[in-house]
Amino acid sequence: MNEFFILMKQELAVTAIIFLLLFIKIGKGIQHSSLLSLVQFLLLINFGAGFFFNQSGWLFGDMYQTTPLIVFQKNILSLGVYLISLLCADWLKKTEHLPEFFMLMLSALLGMFLMISSGNLLIFYLALELATIPVAAMANFDLHKKRSSEGAMKMILSSAFSSGILLFGISLIYGITGTLSFALIPGQLDGSTLQLLAFVFLLSAFAFKLSIVPFHLWTADVYEGSPIAVTSFLSVISKGAIAFIFITILYKVFQPMGEVWYNMLVILAVITMVIGNLFAIRQQNIKRFLAFSSIAQVGFILVGMSSGSEVGITAVVYFVLIYVFSNLAAFGVAAVITEQSGKENIDDYKGLYKTNPFLCWILALALFSLAGIPPTAGFFGKLFLITAGATKASFIFITIAALNMIVSLYYYLRVIRAAFMDKNENPISAIKLSPSVKLGLIICGAGIVLVGLLSWMYDYIHSLSL
Amino acid sequence: MNLLLLIGLPLLTAVAVLLSRNKQQVKWIALFGSVAQLALAFVLFFIYKHERETGNAAQMLFEQNYPLFKSLNINFHLGVDGISIAMILLTAFVVVAGVLVSWNIEKMTKEFYFLLILLGMGAYGFFISLDLFILFFFLEISVIPKYLLIGIWGSGKKEYSANKLALMLMGGSALILVGILGLYFAAGRSFDIMELSKATVSLPYQQVLFPLLFVGFGVFTALFPLHTWVPDGHSSAPTAGSMFLAGISMKLGGYGCLRVATYLLPEGAKEYANIIIILSAIAILYGAFATMMQKDLKYINAYSSVSHVGFSLLGIGMLTQTAITGALMQMVSHGLMTALFFAVIGMIYDRTHTRMVDEMGGLMKKLPFISTIFFIVGLCSLGLPGLSGFVAEMTIFMGSWENADAFHRIATIAAAMSIVVTAVYILRAIGNTVMGPIKNESYLSLKDAAWNERLAAIILVVGILAIGIAPGWLNDLLRPAAEEIMNRIAGK
Amino acid sequence: MQPGLYHILFLSTALFFIGVYGFLTRRNLITMLMSIELILNSVNLNFIAFNKYLWPNQMDGLFFTLFIIAIAAAEAAVAIAIIINLYRSHNSIDVENAEDLKY
Amino acid sequence: MPNVTAIALIPLLPLAGFLLLGLFGRKYFKNSSGIIGTMLLLASTVLALYTAYEYFFVYGKVAGVYEKFVALQLTWLEFSPGVSIDMGLIIDPISVMMLVVVTFISLMVHIYSLGYLKGEERFPTYYSYLGLFTFSMLGLVLASNIFQIYIFWELVGVSSFLLIGYYYDKPSAVAACKKAFIVTRFADLGFLIGILILSFSGGTLDFATLIERLTSPESNEFKTAAASTFLGASALTWGAALVFIGGAGKSAMFPLHIWLPDAMEGPTPVSALIHAATMVVAGVYLVARLFPIFSVAVPGVLEIIGWVGAVSAIIAAIIACTQTDIKRVLAYSTMSQIGFMMFALGVSNYGGEAGLGYTASMFHLFTHAMFKALLFLGAGAVIHYVHSNDMKDMGGLRKFLPITHITFLIACLAIAGVPPFAGFFSKEEILLAAFHNNMAIYWIALITSGITAFYMFRLYFNIFWNKELPSSAKATKGKEGGFAMMMPLVLLAVGAAAAGFIPFGEYVSSDGKALHAHFDLSFSIAPVALGLIGILTAFWLYKKQNDKPTKLATSLGGIYKTVYNKFYIDEIYLFITKKVLFNLIGRPAAWFDKNIVDGLMNLIGNVTEKISEGIKKVQSGKVQQYAIYFLGGVIVLAVLFIYIWK
């Protein structure tokens, strides 16, 4: 019984917060600022909780499993959520439904936790839906914006569609193997046509959630439509969670089909990087821009995944950790600016350095990290992903990946150029940062710089993923 | 001697610059820091000499090896041989000069010096790192400073140039990345140059990896036809920026071509030597001829850089000890020379507000010091004895001539022809700017160089003369290292 | 005659594709939602059938079906809420009126 | 063994002058710089004379031969074991002779300039340049290593560049100095490649070793070098010929002579020093230095040298007859005289009687230095007086410039080969050598010496006689230049008159053994007679102002015009450089870089942009189309992996 609490501590913590919020909502509400700081504090605790009493084990038969690696992954996610709660504080204070927002977001987080540590397709499916449906609701959180509801609609419909496909795949697998447990499926797989079909269904559902080309089309619209807090949650937290479970399922469940999915990943990675970059070049809206750039990033994650060894796992987890910092920093800056000036276009950033040097440096750090330029951590992340991808020594593949870094650098530089170099007679006025936002940005900046240079972190993850 | 100082000192300077309060402080801290670096470089040089004289025959001295990413066998492995020492000295000289010439930068002084020092740090790190991973790290670290320096403080179509430079260099490093990863897996999961230099990489791998690495580094050192970032980048960059770009960054490429591509993949080098020779011979002549047509002083120097750097690539391609020594000498010499050239151009531009050759004239009358320096650097670039250029080029020629077949001979003669063309364009530039009647009345009120400019120029001139008059020390520094490389190529 | 596995699979597959077709062609958001329900039901049929005919000794498929039904309900609830909100702003629930976000 | 420090000091003192005046002259020695430079040079002149005295008389001959020493040798840059650039001081008859010539003439010029350039505000610069030149020239003379000679070769080139361009704000001067540098540079390219070939086949850069290895037929270096052929000629031939090209460039041999007349833009003393007495004979000296290789190893090249010399001699002489700028006349005569020295070497052989040409050439070099320097300095005095270079502004100056007049006359007689002046003896030896080896060249030389006499006296009469300037001019123009200018003239005049009586063969000969040239009067009748004829023609044409010359010119018509325009050689060069080099190579190269290479990079960028513009339609905003792409993806993957991959 005791073990139950220890193994599920993070889920329980999140659930506790959700219920707390629920009671607050039912009871007489507190005003938002104090509530927000309370939530931030709780999230911090939740994040901290991840570091104690880590042990691996199974619960509910084979339904739920946890290992130090999984705990670490969950920590990354809860850290991300905490950062979002800091960075988007200004916007959150304004929304009239603050508790609901957090309830939704945290239940999504809960879903992700369960998903990561799921040991069975059933609970995986449940968790997946739990991680998706609330986000769709969140996407619509700007209740009066047309775009917001349109985005939400697109998201809920297409995700429902994809889960339909997923379920069909699962049903086929169940039909073939007669089991839903991750542990038992591999034994039954022999790569027959039907299994391949089922696998393709399953993979395409994952591809949809990870927004891999050509399953990515919902991404940009939803990102642009929904409020930045949600966008960042979507682009960082859910991507990360899906990546984690995807790599587990590939490596554990479909390990007998390694050859097949390696080729698939290679193809998907290449087109994802290329298409993502090509789309990102042209974007004007910063959210949309980051959406496509994150698609390209996913392409790189796939490069790492294709390695099929613990090097791949390490690289992916490490990259996601860095990605959390970098992307959230970028989104954080965008959030602040949108909140203060209502401007969302890259051209509006012209001459920003004159007025807001601090924001500009953070933005620059974030974008260079996304582009993979040292000394930022992104350099190491990308490099290790490519290294992992190179284990199978297919030079063309990694050359394409490396060349894509040029294109991505090009469009990241566009933003930097706008912020640092371009003249602008009426730039965005100097912005007074609220302490929590400042804290969030500083944490992100520190993360961007340090995660790379403190090399033991990588080794730590590696030791976990063995 | 702890090599970490070479990275730590610039880093410290950069941080101090960031923390300093006003422009004055920034400048002086930067100057102090860079001078300290120069001193450090000299100390390193002398300790190194002493070590060698006391019979320390290890290939690399002052080695330090800290595990960085254990699970990937990536180590923070530092060490220096003659080549690195020479390059470090060059860097130190250029850094000091660069700091001095940009004394009057008013726009975002703090950021400017911060980036400048950072750039220097990258170069130091690059030259002392013996692990391909950190080598690559330090190579890449300079992308941000370069881009921002050109983009923010530059002139002309700076955004375009900055973009072009950043992207082309990124392309180069992409190839390098693939190359070193290939090495990593081909040679049993190690990035360590010392280990790799003992490992045997199978021929097919070498044939694939060598072009990747050489072209990758070649982009940095303006390998024809990938030199096209050079003219725009140099001409748009601020004075100090051009000095760094041409003086140091291009040398990173040459160093990489030699230390990584050629040294670690000797078979590949042999395979592709002729192509390298052809390309660099083309670059030498073609760059020289293209220079003849330029009107903008910065373009003149940029194209002549293409031509001069061609010499060092030629030397590498010739694959003889003397030629490689010459190539390295050329790197050092060209680094000092071109930095000085850009410094002078900057000084002239600050006064006349034009870089167009045919708009100036008779500067000698009002700017004797600057004009004299202009003379010196011009003569150095056309290879006048007593100045560094001559030594390097002659060494390369002697080395190239050692391969006795017609192909190499013709390539050498073709390269040698450039000394005439160089004379033509250099004298044209000198004749139209420094000499001749004063075209523009307003020039009669010009002031000659200020103390900081004088100091910067003198420092670099001293370097040039030190090589030109007594090349022995440099030769002794580089020759053994070149020998190592040749042994590896010869398979000894 | 007694319906065998293949009849049911045929039926479910047909349902699946009908659902997909509906999802792709219908312009009315509610109808699209309904066609998704069709897909889910075809999956339910699959599970039941597999469970009944192939793996009768465990109840996995059955449970899965139950969960799917539950989730589908939740999904539909959220979806309809969103659609209503969309209707508020767009004054229509025609999918073609909600295409502002593109390129 | 002569005193090493003394020898070493000879070049170092002028260097010190250069550094001192170059760095601090403008600040501290504004007025005293001239004196400082002169004093330093005086010192090194004394040292040079002392060295010569010691070498020739105190040390004397060993076994009838003046020994070669390498007084001092420092390794400057080592390429590979055995092959290294050494800085050495070679001491042998010709180098000692050159030491004396260079230091003496340079001293004269230093003194002369004190008067000539009085009041110049760039006085210190001028003297520092002179110091630099003297240093480099002496270094060239003393070079013990073929690469060392190249180094100083370049240095004299640059110092001549600086001195020609001394009046840097005169466009013509700028053009001239550029031209001089670039043309010689072009020749040096040949020299450089020659060095590469010789040093590679000789396996060394040191003169002594090189000569020893490449002249002894049994040494294997010689064998391989002689064996390895390219385009039918052996490596040695190529090497020697290319080295000679370098020499020809410096010594303004046809067709590389075009820079010399323009070089007269420099101050007249400079022309006297560099472009008459010392630098331009460097080519001759180079050939002499490597003479054993030329003569023993590759006789073919000597033919070339001989003919190039002869052709240059006569062409220059012909052109000189038509020029009106007195300095240009002297320039062409210089070229012609150097032509004499060249072909003298060309017709010589190594050792013994046959080596007469060698001795003669060196002898002529010596005497020529005297009288040509004198001529230039005299011309300088004239120019200083009338402030013009052109004959038409001159005439009847003998009254105004008595000393100049006398000394100039002596020089003219000397160059015209009238006994007993210096020129006579050296020229006779040359002719004799030619006579013995190559009749054709002999005849050319004979005619040339006649023409020489003619144009020199044309010059003389035009300056000092011909039309009379009104004596009122005296008042306006003031008096002849001061002591500083006259003293060198007198000293040089003495030299020009007496130098011929030095028994030169005693000291300088191809193999070091004494060589007694015996020629009977009967032989010297022809040249002397021709010389006199030339002088008389000049007298008849130019003594008094008349229209004979113009008549003659018009009667010659086209020929005269061609000659007057120096056979249009400059124009040809102009065509090659401007049209071919710039327009046919430079411009295309620049264009190619701008449009093709650069364009390619931009093209990549634009194509990417275009594609991304093209595919934006995919993101149509229609959720159902998204679903279609989704399904499409699923189907494609399925087909790929179920049907194709398996």
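This is a predicted model: local features need pLDDT of at least 70, side-chain atom pairs count only at pLDDT 80 or more; totals for chains, interfaces and linings use all residues.

What percentage of the 466 residues in chain A do buried residues make up? Buried residues make up 66% of them, where a residue is called buried if 20 or more other C-beta atoms lie within 10 Å of its own, exposed if 12 or fewer, and partly exposed in between, with C-beta atoms placed from the backbone.

Residues are numbered from 1 along each chain as its sequence is written, and chains are lettered from A and ligands numbered from 1 in the order in which they are written.

Let me stay with chain A, which has 21 helices and 2 strands; these are DSSP runs, numbered from the N terminus, with helices being H or I of at least four residues and strands being E of at least two. Its radius of gyration, taken over C-alpha atoms, is 21 Å, close to the 23 Å from the globule rule for 466 residues, so chain A is as compact as a globular protein of that length; the rule is 2.2 Å times the number of residues to the power 0.38.

Leaving aside residues up to four places away in sequence, His32(A) touches Lys93(A) and Leu98(A), a contact meaning that the C-beta atoms, placed from the backbone, lie within 7 Å.

Now to the neighbours, where 30 residues of chain A are in contact with 33 residues of chain C. On the chain C side, helix 3 of chain C gives the largest share, 17 residues, and the residues of that side divide into 25 nonpolar, 5 polar and 3 charged. Here Ala, Val, Leu, Ile, Met, Phe, Trp, Tyr, Cys and Pro count as nonpolar, Asp, Glu, Lys and Arg as charged, and the others, Gly among them, as polar.

Finally, please look at helix 18 (residues 406-433) of chain B and helix 6 (residues 171-202) of chain D, whose axes come within 10 Å and cross at roughly 170°. The axes are lines fitted to C-alpha atoms over the stretch in contact, and angles run from 0 to 180 degrees between N-to-C directions. Helix 18 of chain B and helix 6 of chain D are therefore roughly antiparallel to each other, the term for angles over 145 degrees.

Notes. Two residues are in contact if their C-beta atoms, placed from the backbone, lie within 7 Å. Angles under 35 degrees count as roughly parallel, over 145 as roughly antiparallel, 65 to 115 as roughly perpendicular and the rest as oblique.
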